[in-house]
Structure formats: structure tokens, C-alpha cells
There are 2 protein chains.
Amino acid sequence: MRCRMCKERAVISMRRHNTAFCRLHYREFFFRQVSRAIQEFGMLNPQEGVLVCVSGGKDSLVLWKVLHELGYKTRAMYIDLGFGEYSLLSKQKVFNTAKKLSQEPIVVSLKDMGFDILASAKAKHRPACSVCGTAKRYCFNRTAFEEGLQVVATGHNLDDEASRLLGNVLRWQTHYLAKQSPVLPSESEHTPKKVKPLVKLTEREVAVFAFLEGIDYILEECPYAKGATSITYKLLLAQLEEKMPGTKHAFYLGFQEHLSKFSLAEAPKGELKTCKVCGQDSFEETCGFCRLLGQLSP
Amino acid sequence: MRCRMCKERAVISMRRHNTAFCRLHYREFFFRQVSRAIQEFGMLNPQEGVLVCVSGGKDSLVLWKVLHELGYKTRAMYIDLGFGEYSLLSKQKVFNTAKKLSQEPIVVSLKDMGFDILASAKAKHRPACSVCGTAKRYCFNRTAFEEGLQVVATGHNLDDEASRLLGNVLRWQTHYLAKQSPVLPSESEHTPKKVKPLVKLTEREVAVFAFLEGIDYILEECPYAKGATSITYKLLLAQLEEKMPGTKHAFYLGFQEHLSKFSLAEAPKGELKTCKVCGQDSFEETCGFCRLLGQLSP
């Protein structure tokens with residue numbers, strides 16, 4: 001297989017684009033896809049400070065590197081979830097990339113905040129992934145506010161977003177569908193704009209880029225995410241993509257084109273208040289995270 | 001496994017309903033599901049004459065029998081597609097059920113109308129299934145009009161409709177989504193109301209009912225439908241249903257609940273005219289079927 005641009009040996013072929021690229025032109029392609037997503041969806045402008053949420057996985061570390069090279073004002077944040085060996089290793093991966101980029105990541109430790117995901121999930125009879133989501137969103141918002149950054153960027157790729165969309169569509173979770181845009185605007189000074197600049201790239205495409213760039217990332221999945229339904233949806237979409245290349249792209253990006261027509265109502269939220277514990281935005285007297293935290297206190 | 005109602009030996013268990021029934025109570029369940037679909041979607045009233053389109057397959061023959069027993073004024077129509085042995089056999093199956101119901105089906109032969117699906121598909125470079133759809137819709141409309149019947153009923157089941165919906169959703173075919181209701185209203189005296197009373201029942205549930213009722217139906221798929229994408233979608237939905245019973249139902253019937261909110265526009269059609277060849281409704285001077293027919297004439 002030869003590169004479509006220069007006829008050198010290709011390092012990747014992409015059936016959904018009916019093309020193949022050498023190392024150099026794949027790099028160009030990859031940066032172009034990120035830049036286009038940023039432009040098309042109005043994700044970022046060069047004046048805005050961006051908090052890049054890095055987990056130690058390939059997607060978020062790639063995102064950090066690409067946004068940094070594109071000249072955006074990035075600050076990375078790593079949240080230490082307190083999952084033993086897994087957390088130690090993923091933190092190490094973040095510091096490896098930080099060193100290469102000559103940047104210092106912000107580290108937020110849930111343990112230092114007095115929080116324990118597994119204990120909280122048990123106490124509230126909620127899945128660990130759900131509690132983890134609440135804690136992470138809290139850290140995103142709070143850190144962006146404290147650091148004066150207007151935007152939070154996460155490394156969700158096309159596979160992540162298409163599988164989430166499939167799950168929401170199969171049950172017509174219209175409140176969630178309304179929030180499946182790659183850009184969610186800021187709601188107040190306490191909630192930054194949220195963007196997903198990798199939505200035009202598949203998991204495989206991100207992995208190949210990470211490999212070619214020598215980005216050292218954690219290969220293991222989170223030990224508590226096993227059996228998640230999102231994995232079922234990803235496998236189904238992979239089967240469809242195999243038979244009909246371009247399905248994931250048409251499904252997720254086609255949805256974005258039609259989103260405005262569907263007049264999807266978000267869940268009624270009531271009046272935006274200030275959490276009496278932490279001062280962040282909340283629709284209750286105390287925000288979701290502080291309520292979880294309160295339940296763990298002795 | 002025991003019947004939920006009477007504790008007799010069950011003939012079928014349904015995970016999506018978390019229940020099981022004996023022969024007698026399954027029959028009651030089946031009729032109830034058809035009656036509920038008719039009520040909920042306002043499909044039929046006892047005064048209306050119903051043209052039941054029967055292919056010789058299980059779904060349409062079951063539909064004919066059930067509507068007949070529920071007391072609706074049914075007339076069955078069989079379209080002879082001219083597919084050799086397959087058509088001969090399917091016609092025989094229709095006549096077997098007709099004899100049991102003491103009803104005479106209307107037989108429409110495409111060959112007698114001077115039409116040949118495969119020749120037309122070849123001449124127009126269209127898939128055979130697409131040409132067949134045009135021809136069948138023409139026969140439905142024309143026969144219903146000529147026989148003075150207000151409604152056309154087809155045997156599409158939950159699997160058929162959920163897989164079609166999945167295909168339309170994956171590519172956001174919003175014009176088709178707008179037409180994925182189990183009831184399509186009449187547009188003029190030439191286009192009858194179209195209804196699908198089996199949408200609350202799965203393919204398996206219809207097959208079990210056909211077996212228990214001794215309905216003799218053709219088991220073979222149409223020889224020209226092989227490799228249809230609808231089969232891919234059915235297999236995927238079957239995998240999901242296996243993991244999460246009730247998925248097909250939630251997907252298809254949930255969509256019906258939300259359909260009105262989505263403000264889906266049908267394709268702009270222009271003014272309704274009368275086909276100058278056959279006198280049926282058309283958005284062009286000559287209707288789609290007469291155009292295909294004209295192309296085959298010497």
C-alpha cells in the first residue's frame with residue numbers, strides 16, 4: 001500500500017476514507033482532522049485557556065500533544081482516582097508526556113479531597129462508573145475555574161461518541177441526546193465550555209498516531225469498567241464498520257447535522273444555585289459531588 | 001416452564017416480557033397484542049374494508065387470519081411477482097390459508113400487467129428489491145381503490161420495523177424516519193391508509209403463533225433478497241436483544257413516542273397529480289410504476 005500523497009510506503013490505510021498515508025502525510029491528516037473539528041464546531045479560539053483532562057490513556061495524551069503543537073494555551077490535569085497500581089501507572093504515563101512537552105500537569109487527588117469512588121458507589125448503590133463521572137466533572141469544573149481556564153477538553157474519539165449515541169438512540173434517551181454535541185457551551189463562570197476535538201478520528205487512528213509519535217500510554221482498561229454496555233455497542237459498531245466502512249462517521253457526524261432539527265429538550269433543571277459547601281454551580285442546595293462526599297464523612 | 005396464567009406447561013417463554021404461556025393463553029396474548037396495536041395507533045375501525053397483502057410468508061398469513069377472526073372486513077391480495085418456483089409455492093400457501101378461512105384472495109400478476117421485476121431492475125440499474133417495492137406499492141394502492149377498500153394492511157413485525165429504523169437512524173435518513181410510523185394516513189382517494197398491526201410482535205412470536213395455528217407458509221426467503229442490509233441490522237439487533245431483552249421494543253416503540261417531537265420533514269414532493277397512463281396519484285406526469293412499465297415496452 002502506497003501513500004496517496006507521495007507514493008511512499010503507507011503506514012496506515014483507512015477504508016472509510018478510501019485512502020492510505022505515509023508517516024509524514026498521516027501526521028498532516030491527523031492534525032487536519034483535529035483542526036477541522038475545532039473550526040467546524042467552534043470549539044476553541046487561540047485566546048482561550050484550555051484545561052486538557054489527561055488520564056494516561058492514548059486519547060487524552062494525544063489530544064494534549066496535538067493542541068499544544070497547534071499553539072493553543074493548554075494546561076493538563078490528571079485526576080488520581082486512587083485505584084492502586086492502575087492509578088500509579090497511568091500517572092507515570094502522564095508525567096512521561098509532560099516531560100516531553102516541558103509542561104507541568106495539575107494533579108488532583110480524590111483521596112486528598114477525602115473521596116473514595118468505590119466506597120461512595122457502595123454507600124449509594126450506584127455503579128462505580130457513574131460515581132467516577134460525577135467526581136471527574138466536579139474536578140473539571142472546579143480546576144478550570146480556579147485556574148482561570150475557559151475551556152475543558154477531553155479525548156473522546158469517534159468510537160466513544162458513536163457508541164454512546166447508539167446507546168442513547170436505542171432507548172431514545174432524548175435528554176442525553178441533547179447533550180451529545182462535541183461542544184457544550186459554558187453555563188456560568190463556574191462551568192467552562194466543554195469540547196471533544198478528536199471526534200473525527202477513530203480509536204484505531206488515534207492509536208496509530210500515538211504509536212508513530214512515540215507517546216507512552218497505559219494499555220490497560222480501568223479495572224472497574226469491565227462489562228460496561230458501551231463495550232457491547234462498540235463491538236456492534238465495529239461489525240457494521242467492517243461491512244459498511246464510514247458507518248460510525250455517518251452516524252455520529254450526521255446526528256450533529258440534524259441535532260438542531262430534533263428540538264430535543266434537555267431535562268428541566270430548575271434554577272442555577274451555588275453549592276453551600278464548595279461554591280460551585282448546583283441545581284440543589286448542595287452539589288452532587290459534595291452530597292457524595294458528605295455521605296462518606298464519619 | 002409453566003404458563004403465567006394457569007400453570008399448565010408453557011409453549012413459549014418471552015424474556016422481553018419476563019413471562020411464559022400455554023397454548024391457549026399464548027393465543028390470547030397474541031390477539032391482545034394485535035388489538036392493542038390497532039387501538040393505540042388508531043389503525044382500523046370495524047366499518048373500514050381492509051386489503052391484507054399476503055405473500056405466502058408467515059407474517060402476512062398470520063395477519064390475515066387474526067384480522068379475520070377479530071371481525072374486520074378483510075380481503076386478501078396476493079401479488080404474483082413471477083419468480084418461478086418461489087412464486088408458485090408461495091401462491092399455493094396463500095390458497096391453503098384462503099381455503100381454511102373460506103375466503104377468495106385477489107391475485108394480481110405482474111406478468112399479466114406486462115411487468116418483469118428483473119428486466120426492469122436491469123434496464124434501470126436499480127436493485128431488484130427497490131423495483132419490487134415500487135411495483136407492490138402500485139398494486140396495493142390500485143387494488144384498494146378498485147375494490148373500494150380504505151385500508152391496506154401489511155404483515156411487518158417488530159424485527160422488520162426495528163431493523164429498518166436502525167438502518168435509517170445510522171444514516172439519519174430523516175425523510176424515511178418521518179414515514180416509520182405503523183400508520184400512514186391516506187393522502188387522497190387513490191392512496192389508502194397503510195397499517196402494520198403486527199408491530200408489537202417479534203418474528204419469533206409470529207412464527208410460534210403460525211406453528212400453533214397450523215398455518216402452512218413458505219419458509220424460503222425471496223431468492224433475490226440475499227445479502228440485503230436489513231439482514232445485517234436484524235442480526236445486530238438479535239445480539240443486543242440477547243444481552244438486553246426488550247431492546248427492539250424500546251427502540252421501535254420508543255421512537256413512535258418521540259416521533260412527533262423530532263419535527264422530521266418529509267421530502268418535498270410538490271403537487272399531487274394524476275398519472276396520465278393509469279389515473280393513480282403521482283407527483284410527476286406519469287407515476288413511478290408506469291414509467292418503469294413504459295421502459296420495458298418494445
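1. Two strands pair if DSSP finds at least two bridges between them. In chain A of this predicted model, strand S3 (residues 49-54) and strand S6 (residues 151-153) are joined by three bridges and run parallel. Within this pairing, Leu51(A) has Val152(A) of S6(A) opposite it.

2. The pair belongs to a wider arrangement. Chain A holds an open sheet of six strands with mixed pairing, and the strand order is S5-S4-S3-S6-S8-S7. Strand S5 (106-109) and strand S7 (183-184) of chain A form the edges, each pairing on one side only.

3. The next pairing is that of S4(A) with S5(A), in the parallel sense and over four bridges. Ile79(A) has Val108(A) as its bridge partner in S5(A), and Asp80(A) stands opposite Ser109(A) of S5(A). The chain passes from S4(A) to S5(A) through H3(A), and this β-α-β crossover is right-handed.

4. Which strands of chain A does helix H3 touch? Helix H3 (residues 84-101) of chain A packs on the sheet and touches S3 and strand S4 (73-80) of chain A. The direction of H3(A) makes about 165 degrees with that of S4(A). Helix H5 (residues 128-147) of chain A lies across S3, S4, S5 and S6 of chain A, and H5(A) runs at about 150 degrees to S3(A).

5. For chain A overall, the secondary structure comes to eleven helices and ten strands. The radius of gyration of chain A is 20 Å, close to the 19 Å given by the globule rule for 298 residues, so chain A is as compact as a globular protein of that length. The C-alpha trace of chain A spans about 65 × 45 × 40 Å along its principal axes.

6. An open sheet of six strands in chain B has mixed pairing and the order S5-S4-S3-S6-S8-S7. Its edge strands are strand S5 (106-109) and strand S7 (183-184) of chain B, each of which pairs on one side only. Strand S4 (residues 73-80) of chain B runs parallel to S5(B), joined to S5(B) by four bridges. In that pairing, Met77(B) has Ile106(B) of S5(B) as its bridge partner.

7. Helix H5 (residues 128-147) of chain B lies across S3, S4, S5 and strand S6 (151-153) of chain B, running at about 150 degrees to S3(B).

8. How are chains A and B related? A rotation of 180 degrees, with 0.0 Å of shift along its axis, superposes chain A on chain B with an RMSD of 0.0 Å. That is the relation of a two-fold axis.

9. Where the chains meet, 19 residues of chain A are in contact with 19 residues of chain B. Helix H6 (158-170), helix H9 (229-243) and helix H10 (247-258) of chain A each supply at least two residues of the side of chain A that touches chain B. H10(A) gives the most to that side, with six residues. By type, the residues on the side of chain A that touches chain B divide into nine nonpolar, seven polar and three charged. Of the interface residues of chain A, 100% are also interface residues in chain B, so the copies meet through the same surface.

Technical notes:
Residues numbered from 1 in each chain as written. Chains lettered and ligands numbered in written order. Predicted model: local features only at pLDDT ≥ 70, side-chain atom pairs only at ≥ 80, totals over all residues. Least-squares fit on C-alpha atoms with pLDDT ≥ 70 in both. Contact = placed C-beta atoms within 7 Å. Nonpolar A, V, L, I, M, F, W, Y, C, P; charged D, E, K, R; others polar. Axes fitted to C-alpha atoms, helices over the stretch in contact; angles between N-to-C directions. Right-handed = clockwise from strand over helix to strand, strands pointing away. Rg over C-alpha atoms; globule rule 2.2 N^0.38 Å.
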